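Subject: The structure we talked about

Hi,

Here is the structure I promised to pass on. Have a look at it first, and then read my notes below.

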Amino acid sequence: MSTSATLRRLVSKVPEEPDRALVVRGVGKRYGDRWALRDCTFALSAGSVAALVGSNGAGKTTLLSIMAGLLGPNEGELSWSRPGRVAFLAHDRPLYRGFSVADMLCLGRRTNRVWDEQRASRWLRRFEIPRDRRCGTLSGGQRTQVALAVALGSCPSVLLLDEPLSNLDPWARREVLRQLLVEVADHGVSVVMSTHVVTELDGVADHLLLLRAGRLLMAGETDDLLANHVLRTGPRAHRPPGPGEVLWARHFEQQSRFLMRSSPMVRQVVNDPRWTSQPVTLQDLVLAYLSRQEVGACSG
Amino acid sequence: MIEFRIERGSGLPAYLQLVEQVRQALRLGWVKPGDRLPTVREVVSSCGVNPNTVLKAYRELELAGLVEARQGAGTFVSAGLGSADPAVMARLRAQLAKWVQGAREAGLDDEDIRALLSTALAEVRVEGIA
């Protein structure tokens with residue numbers, strides 16, 4: 001290897017701060033005197049896929065609308081690292097009912113400064129959406145595909161998707177996720193999507209934003225969040241072995257099970273052979289946090 | 001070339017699943033030093049997995065000295081992962097035999113022993129995630 005190549009390699013090994021696409025600080029939104037969103041602080045790296053999860057009314061659409069620039073926050077600020085094109089897939093998939101699918105693409109071409117017809121058409125073909133059909137006669141799932149095709153045609157650097165999977169069948173859900181990830185790989189698009197379909201997010205979302213009653217309960221890299229939680233099963237007991245915050249406890253006749261937050265470092269120290277440890281899934285984690293009673297963050 | 005498969009809802013993070021699958025392919029001799037791993041895009045497209053997940057898995061394998069990223073050419077297997085040195089294997093086996101004997105004397109049957117072993121394996125796996 002030549003000296004310059006060696007140097008390049010060394011340079012590329014230096015750990016670098018991930019390229020921040022978006023930093024959100026203390027963002028809040030009030031409707032009348034009710035806060036729909038409060039104290040939202042998180043950062044997303046460029047080319048990441050973030051899942052925005054929470055029950056209905058938790059503030060997901062409000063947060064997405066603020067990120068899309070459609071709503072102004074009452075407090076806090078957002079900063080994008082560089083000017084980019086943001087595409088927003090709204091929950092009601094606004095399309096002109098009287099327009100054909102081809103007309104919608106034409107509209108996209110006329111209204112966007114940058115437009116990639118190929119990219120939009122490829123999406124429609126993949127999901128077998130007839131171009132001559134009027135949008136008013138399409139099914140909910142088909143409307144989603146047309147809206148996604150238009151969003152991708154605008155060559156976004158950020159895709160904000162409000163429930164993109166909500167009215168899709170299982171095959172289309174998997175396929176939409178797969179194709180979106182290919183877009184991320186090919187174009188470095190950053191994706192933020194709200195969803196209830198948590199079971200399909202393993203290996204899909206690298207970041208998780210968990211909202212409850214307008215507050216961000218959890219925000220971070222999915223793998224770290226999973227690694228910091230564990231399911232412990234052992235003999236019936238009031239307390240689990242070792243330190244850590246208990247998210248829930250279930251007691252059976254002979255057994256107790258605890259879902260807890262504890263760092264893997266701490267866990268290694270505790271080595272009680274009567275207790276087993278199992279990794280948690282994203283679904284375990286989301287359900288545990290959303291069903292917790294004593295969350296102090298709900299007021300406001 | 002190796003074909004990845006992601007098991008969703010298994011609790012094992014997707015990047016570790018990819019790492020495990022490469023290690024297994026190495027151990028079983030399905031891939032050899034010099035072989036190219038699929039590109040990030042190929043894995044994304046075939047498994048529907050996040051590109052960052054694939055990158056993370058490949059980085060992990062690189063840190064373990066098993067693969068090497070070559071600028072512009074892809075990621076290549078750089079080391080084999082055959083069974084350990086015969087002497088080491090013999091030692092481990094002797095230790096295990098002694099352990100099994102101890103377990104039998106304590107009244108455990110084969111099924112008890114297997115349960116204990118898989119518990120220990122699962123535990124070490126969980127602790128190793130970080």
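Let me start with a term you will need: a crossover counts as right-handed if, when the strands point away from you, the path from the first strand over the helix to the second runs clockwise. Please also keep in mind that this is a predicted model.

With that term in hand, look at chain A, where E6(A), H6(A) and E7(A) form a right-handed β-α-β unit. The two strands of this unit also pair with each other: E6(A) and E7(A), the latter covering residues 190-194, run parallel and share five bridges. One of the pairs to look for is Asp162(A), whose bridge partner in E7(A) is Ser194(A).

On to the sheet around it. E6(A) also pairs with strand E5 of chain A (residues 86-89), again in parallel, through four bridges. Here Val86(A) has Val158(A) as its bridge partner in E6(A). The whole sheet is open and has six strands in the order E5-E6-E7-E3-E8-E9 of chain A, with mixed pairing. Which strands stand at the edges? They are E5 and E9 (215-221) of chain A; each has a single partner strand, so one side of each has no neighbour in the sheet. On average, neighbouring strands of this sheet are turned by 10° against each other, if direction is ignored. Further along the order, strand E3 (residues 49-53) and strand E8 (residues 207-212) of chain A are parallel partners with four bridges, and Val53(A) has its bridge partner Leu210(A) in E8(A).

Is E6(A) mostly covered or mostly open? It is mostly covered, as five of its five residues are buried. Val158(A), Leu160(A) and Asp162(A) point one way from the strand, while Leu159(A) and Leu161(A) point the other way.

Ser157(A) sits in the loop between helix H5 (140-153) and strand E6 (158-162) of chain A. Beyond its neighbours within four places in sequence, Ser157(A) is in contact with Gly84(A), Arg85(A), Val189(A) and Ser190(A).

Now for chain B. Its secondary structure consists of five helices and two strands, which follow one another as α-α-α-β-β-α-α from the N terminus. The radius of gyration of chain B is 18 Å, well over the 14 Å that the globule rule gives for 130 residues, so chain B is more spread out than a compact globule. Its C-alpha atoms fill a box of roughly 60 × 35 × 25 Å along the principal axes. Of the 130 residues of chain B, 25% count as buried.

Finally, the two chains touch.

Enjoy exploring, and write back with any questions!

Best wishes

Note on methods:
Residues are numbered from 1 along each chain as its sequence is written. Chains are lettered from A and ligands numbered from 1 in the order in which they are written. This is a predicted model: local features need pLDDT of at least 70, side-chain atom pairs count only at pLDDT 80 or more; totals for chains, interfaces and linings use all residues. The radius of gyration is taken over C-alpha atoms; the globule rule is 2.2 Å times the number of residues to the power 0.38. A residue is buried if 20 or more other C-beta atoms lie within 10 Å of its own, exposed if 12 or fewer, and partly exposed in between; C-beta atoms are placed from the backbone. Two residues are in contact if their C-beta atoms, placed from the backbone, lie within 7 Å. Two strands pair if DSSP finds at least two bridges between them. Axes are lines fitted to C-alpha atoms, for helices over the stretch in contact, and angles run from 0 to 180 degrees between N-to-C directions.
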